[in-house]
Amino acid sequence: MSATPLRSLASTATRMPILKRSINPSSSRFASSSSKSSSKSSTQTSPLPKDDWELPEIHIGPTHSSRYQEHYHDTLASDLMYMSYSHRLAQKPAKPEIIEPPQTGYEANRPRPPIMRGNRALRTKTTSVNEENVPKLESIIIHTMVKEAIINKSTLLSAIMALRAISGETPNGGGKKGSSGVEVIVAKKSAAAWKLRAGMPVSVKVELKGQAMYDFIQSLVDFVLPRLRDFSGIPLPPASTPKNSPASLTGIVSFGFSPTTMSFFPQIESNTDSYPRLHGFHVYFKTNLRGENAHEHARTLVSGFRIPFHRR
């Protein structure tokens with residue numbers, strides 16, 4: 001085979017003009033516009049100064065409806081109104097106006113001497129039950145006493161952790177203003193017999209209001225009371241208790257539980273190892289009732305939440 005055809009192909013290849021890449025004018029315009037837009041986006045995404053930053057206001061609303069709160073407003077309030085209404089207090093005549101004797105010139109510009117009432121305490125004004133003032137819960141207080149705190153203050157930590165877990169209360173927590181959380185109570189007086197000095201921390205308490213107290217009642221009634229062994233109810237005061245005693249005139253119902261009762265709360269039971277020691281505690285149900293038969297009506301209100309009472 002001769003080499004002439006190969007040489008002719010090589011010569012023709014060298015003679016072919018080199019094609020230059022044609023540039024589309026529209027593509028150049030698009031490139032320029034894209035560069036401008038990228039420069040604009042870079043200016044828009046630049047970080048704002050710190051003074052212009054505003055944190056969003058987060059409001060934690062109710063996550064669920066309280067069964068016991070709805071039970072009070074739907075059923076229990078009307079029943080208490082029917083059971084504790086007093087026609088005698090509702091139809092009480094108005095007090096007549098006291099006609100005071102005319103003052104002499106000596107008594108006109110001088111303060112009156114105090115009226116001597118003897119050593120009897122002033123009687124608490126009876127709360128009249130009507131359609132505008134129905135017996136209701138104002139707050140629930142959980143209190144526990146730690147005697148070992150007199151010697152070692154660190155023993156209060158287990159009680160503080162337990163009450164915070166049961167109540168879920170922290171200072172101004174959950175967006176609730178005015179919530180004090182778990183409070184440490186100090187001694188008011190000194191007692192040499194117990195080596196106690198004034199100002200020493202000896203106990204803790206927490207006060208529940210609003211939906212938090214109804215959630216505590218629900219956990220107490222549904223999880224704790226049914227699991228107590230040989231529990232027949234809260235003991236009633238004896239029949240010989242005078243109705244004019246200070247305890248009978250205040251609408252506060254109180255009762256206590258043993259240290260083992262605290263372990264039955266679901267908040268404690270799920271992580272019992274985190275609490276080195278459990279403590280007994282007292283529960284105080286504060287109502288808006290005062291005066292005559294206030295304690296009896298308060299027990300009626302508490303029993304409406306399925307908390308039983310029994311006579312000793």
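Two strands are taken to pair if DSSP finds at least two bridges between them, where strands (E, at least two residues) and helices (H or I, at least four residues) are DSSP runs numbered from the N terminus. By this criterion β5 and β6 pair in the antiparallel sense over seven bridges, and in β6 the bridge partner of Phe255 is Val283. The structure is a predicted model, in which local features need pLDDT of at least 70 and side-chain atom pairs count only at pLDDT 80 or more, whereas totals for chains, interfaces and linings use all residues. Residues are numbered from 1 along each chain as its sequence is written, and side-chain values use heavy atoms, with hydrogens and water left out.

The pairing of β5 with β6 belongs to an open sheet of five strands, arranged in the order β2-β3-β1-β6-β5 with antiparallel pairing. The edge strands are β2 and β5, each of which pairs on one side only, and the twist from one strand to the next averages 25 degrees. At the β2 end of this order, β2 and β3 pair in the antiparallel sense over five bridges, with Ser203 in β3 as the bridge partner of Ile185. Helix α5 touches β1, β2 and β3, and its direction makes about 5 degrees with that of β3, whereas α10 touches β1, β5 and β6, and its direction makes about 55 degrees with that of β5. Contact here means heavy atoms within 4.5 Å.

Helix α5 has twelve residues and reaches 17 Å from its first C-alpha to its last, close to the 16 Å expected at 1.5 Å a residue, the expected span being 1.5 Å times one less than the number of residues. Burial is assigned from relative accessible area, buried meaning under 20%, exposed over 50% and partly exposed in between (1.4 Å probe, protein chains only). On this scale the buried residues of α5 are Leu156, Ser158, Ala159, Ile160, Ala162, Leu163, Ile166 and Ser167, and the buried residues of this helix pack against β1, β2, β3, α6, α8 and α9. The helix is followed by Gly168, whose phi is positive, near 70 degrees. In β5, the covered face consists of Gly251, Val253, Phe255 and Phe257, while the uncovered face consists of Thr250, Ile252, Ser254 and Gly256.

A nonpolar core is defined as a set of buried Ala, Val, Leu, Ile, Met, Phe, Trp, Tyr and Cys residues joined through side-chain atoms within 4.5 Å. The largest such core holds 51 residues, of which Tyr72, Phe216, Phe285, Phe305 and Ile307 touch the most other members. Two or more residues are given to this core by each of α3, β1, α5, β3, α6, β5, β6 and α10, and the largest share, eight residues, comes from α6. Apart from this core lies another, of five residues, among them Ala187, Leu196, Met200 and Val202. When neighbours within four places in sequence are left aside, Phe285 is in contact with Leu137, Ser139, Ile140, Ile217, Gly251, Ile252, Val253, Phe255, Val302 and Ile307.

Thr144 is found in strand β1 and counts as buried because its relative accessibility is 1%. Its side chain reaches the backbone oxygen of Gly280 at 2.7 Å, and, beyond four places in sequence, Thr144 is in contact with Ala159, Leu163, Ser203, Val204, His279, Gly280 and Phe281. Glu148, found in the loop between β1 and α5, counts as partly exposed because its relative accessibility is 31%.

With residues up to four places away not counted, Asn133 touches Thr127, Ser128 and Asn288. Asn133 and Met81 are 52 residues apart in sequence and 8.8 Å apart in space, C-alpha to C-alpha.

Conventions
Axes fitted to C-alpha atoms, helices over the stretch in contact; angles between N-to-C directions. Polar contact = N/O pair within 3.5 Å; in protein donor to acceptor, adjacent residues only side chain to side chain.
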